[in-house]
Amino acid sequence: MIFLYQLCYQSGDNTFCGDCMPFYWDGKFWIFHQRDNRNPVPLDGEPLCWSLASTTDFIHYEDLGPALLCGADDEQDQFIYAGSVMEKDGLFHAFYTGYNRDYIGTGKPSQVLMHAVSRDLKKWDKIPEDRIYPPSQGYEPDDWRDPYVLYDEENQRYVMILAARKRKGPKVRRGCTVYLTSKDLKTWEFQGDFWDPELFYTHEMPDLFQMGDYWYFLYSEYSDKHITRYRRSKSMYGPWEALEDDAFDGRAYYAARTATDGDKRYLFGWIPTRANNFDKNTWQWGGALFVQEVYQREDGTLGVRCPETIEKAFCGEKPCQAALPLTLGGPDRREETVLFSNTGSFFRLDLTLELRENVRAVGIKLFEDLENDIGYEYTLLPGRNRVQFDRTPNLPWYQCLNTGLERPVELAPGKEYRVTIIADGDVCVFYLNGTALSSRMYHKTGENILLYSSGGPVAIKEAKLFQSLEA
């Protein structure tokens with residue numbers, strides 16, 4: 001079955017996309033992922049297996065249904081948690097986490113790495129004897145998951161990295177990434193710590209790839225921030241360098257893994273829902289898949305942007321209501337203008353802005369109710385070099401739980417900046433200078449887009465709104 005125009009992919013209204021294991025083969029991306037029906041609650045209801053969808057453009061998805069199936073309640077893979085897929089000599093290999101929630105506290109490890117093979121990526125045969133257990137000394141038996149396998153050309157061997165936790169150390173900072181090596185994908189030798197910084201509870205969904213002169217190690221911080229981050233090195237095995245901005249997106253984009261078609265590399269992560277679809281509530285596990293392109297800047301840092309296939313598919317341009325170019329704002333005052341009305345809930349907004357001296361804030365207000373001055377806002381803060389997302393006004397505090405919904409971004413006077421915002425239902429994604437900031441908007445009361453400047457002028461050079469996609 002083909003699902004059209006799903007920029008934010010879910011297989012149905014009552015299933016939510018969790019951790020993705022993307023794999024490129026035969027001209028398309030095969031996206032293995034977990035589907036959670038939240039019966040009765042997210043991640044701890046009915047057992048999860050791997051399901052499969054494919055796409056060539058991140059707009060049209062083919063739902064291929066369940067692929068790697070769960071075992072019985074008394075088997076190790078009662079749940080099938082994340083892993084990775086690779087190909088060797090025409091045979092596909094899946095390395096995955098077999099999790100049994102009933103094993104916790106029984107002396108049996110609840111998480112074990114397991115192996116399955118396939119000829120077509122759709123039907124998988126498990127190899128029960130190919131199991132990798134947590135080491136008996138030094139590591140927790142219930143945190144041993146999310147294996148990622150790649151080939152080490154220099155040493156002619158396969159490398160598996162995965163999320164683990166130490167038995168000793170700071171209680172909420174024992175997370176580490178460990179690695180194993182193999183010559184044949186069956187017999188694995190434990191090599192110890194790949195990265196052990198004592199920073200986070202766990203490093204989920206690790207990923208490792210080379211781009212240009214650098215190796216990049218990705219992981220998702222399972223702690224209070226819940227952000228996908230990266231480190232870089234000139235070597236596949238580190239040491240790993242932390243960048244000033246080591247993330248791609250904010251709190252509302254998680255567990256992102258990458259895949260490449262040989263030309264471009266893409267990030268496959270999910271935008272979480274909020275409990276009861278309510279702006280004030282906390283984020284939940286799982287949501288909707290959203291794909292972003294990863295690219296390398298000249299200085300070797302990584303940025304993200306909207307995939308070209310998505311950007312070029314937008315059409316149905318709507319005329320801007322303001323006469324452009326237009327300069328707004330001045331000393332110690334705020335000026336705003338309506339750019340578009342009757343926007344609907346699906347669009348791509350492109351803005352070209354030039355910030356002038358002394359600008360304190362530039363706000364891009366979405367779904368604004370003009371009568372009550374209520375909406376959602378991406379705010380550029382040049383004095384702090386930040387962009388943040390919020391419901392505005394966020395009072396009586398708070399109308400939106402906005403913790404973690406901000407990102408660092410360079411904002412200098414006299415420079416032109418291109419901002420792109422994609423809205424798809426209750427999802428919004430912001431792009432500027434290789435920085436993304438995703439969120440949800442559940443209480444839209446208007447259909448207007450406004451822009452304001454406070455404390456100094458901003459020049460609006462271009463504003464375009466596209467409201468549909470080509471078939």
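Are D152 and R157 buried or exposed?

What we have here is a predicted model, in which local features need pLDDT of at least 70 and side-chain atom pairs count only at pLDDT 80 or more, while totals for chains, interfaces and linings use all residues. Residues are numbered from 1 along each chain as its sequence is written, and side-chain values use heavy atoms, with hydrogens and water left out.

Back to my opening pair. D152 is buried, and R157 is buried too; buried means under 20% relative accessible area, exposed means over 50%, and partly exposed is in between, using a 1.4 Å probe and protein chains only. The two form a salt bridge, with their closest N and O atoms 3.7 Å apart. For a salt bridge, we ask for a side-chain nitrogen of Lys or Arg within 4 Å of a carboxyl oxygen of Asp or Glu. By that rule the count comes to 37 salt bridges.

Let me show you another one. D246 and R229 meet through their side chains at 2.7 Å, N to O. D246 sits in the loop between strand 16 (228–233) and strand 17, and R229 is in strand 16, so this pair ties together parts that are 17 residues apart in sequence. Both D246 and R229 are buried. Strands, by the way, are DSSP runs of E with at least two residues, and they are numbered from the N terminus.

R386 belongs to strand 27 (residues 386–392) and E406 to strand 28, so the pair ties together parts that are 20 residues apart in sequence. E406 is partly exposed, at 29% relative accessible area. There is also a network: D143, R145, R165 and E204 are joined by salt bridges that share partners.

We say two strands pair if DSSP finds at least two bridges between them. Inside this sheet, strand 25 (residues 361–369) and strand 32 (residues 448–454) pair in the antiparallel sense over 5 bridges, and V362 stands opposite S453 in strand 32.

Now, which residues does T258 touch? Leaving out residues up to four places away in sequence, its contacts are P22, D207, F209, L218, R265, Y266 and L267, where contact means heavy atoms within 4.5 Å. T258 is in strand 17 (residues 254–260) and is buried, with a relative accessible area of 4%. Its side chain makes polar contacts with the side chains of D207, at 2.7 Å, and R265, at 2.8 Å. A polar contact is a pair of N or O atoms within 3.5 Å; within protein, one must be able to donate a hydrogen and the other to accept it, and residues adjacent in sequence count only if both atoms are side-chain atoms.

Last stop, the rings. The structure holds 43 aromatic pairs. Rings of Phe, Tyr and Trp (its six-membered ring) pair if their centres lie within 6.5 Å, and planes under 30 degrees apart are stacked, over 60 edge-to-face, and the rest tilted. W195 and F217 are edge-to-face, at 5.5 Å centre to centre and 80 degrees between the planes. W195 counts as buried at 11% relative accessibility, and F217 at 0%. Thanks, everyone!

Methods
Helix = DSSP H or I, 4+ residues; strand = E, 2+ residues; numbered from the N terminus.
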